[in-house]
Amino acid sequence: MTGKIESSVVAQMTNSPQSVQAGKAGAAGHARVGAVSEADVVTLSGQGANLNELVDVAQQTPDIDVKKVAAIREALAAGTYQVNAESVATKMAHMEWQMGRS
């Protein structure tokens, strides 16, 4: 994946207090950069491109499924909400298994 470097981003980097003179990277690893030309590009690795796509999808995904929450509230109020114990147990076991792998 290749993209153009935006001038505003470079301006923010060069004007930040963490920037230092060219060739002298500070503790944060930042260095002052020069002007951006039309030929300047950034190339992301395949993994970086995939991460970029995942971030885009995550930002477009709503945090809460409003319809599902409403349906559960109605079922709770009506006394008809039933917990699927087998599904809960399976998911708990899977979570424990994943935690044991890390």
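Modeller: Before we start, a residue is buried under 20% relative accessible area, exposed over 50% and partly exposed in between (1.4 Å probe, protein chains only). This is a predicted model, where local features need pLDDT of at least 70, side-chain atom pairs count only at pLDDT 80 or more, and totals for chains, interfaces and linings use all residues. Numbering starts from 1 along each chain as its sequence is written, and side-chain values use heavy atoms, without hydrogens or water.

Colleague: Fine. In what order do the elements of the protein chain run from the N terminus?

Modeller: The chain holds four helices and two strands, taken as DSSP runs (H or I, at least four residues; E, at least two) numbered from the N terminus. Reading from that end, the order is β-α-β-α-α-α.

Colleague: Is Leu76 buried or exposed?

Modeller: Leu76 sits in helix α3, residues 66–78. Its relative accessible area is 55%, so Leu76 counts as exposed.

Colleague: What about α2, then: what distance separates its end C-alpha atoms?

Modeller: α2 covers residues 46–60, 15 residues in total. They should span 21 Å, and the distance between the end C-alpha atoms agrees because it is 21 Å.

Colleague: Which residue just after α3 takes a positive phi?

Modeller: α3 itself reaches 18 Å from first C-alpha to last, close to the 18 Å expected for its 13 residues. Just after α3, a phi of about 75 degrees is taken by Gly79.

Colleague: Last one: what percentage of the contacts with a separation of 6 or more joins residues 24 or more positions apart?

Modeller: A contact here is heavy atoms within 4.5 Å. Among those in the protein chain with a separation of 6 or more, residues 24 or more positions apart account for 54%.

Conventions
Expected span 1.5 Å × (residues − 1).
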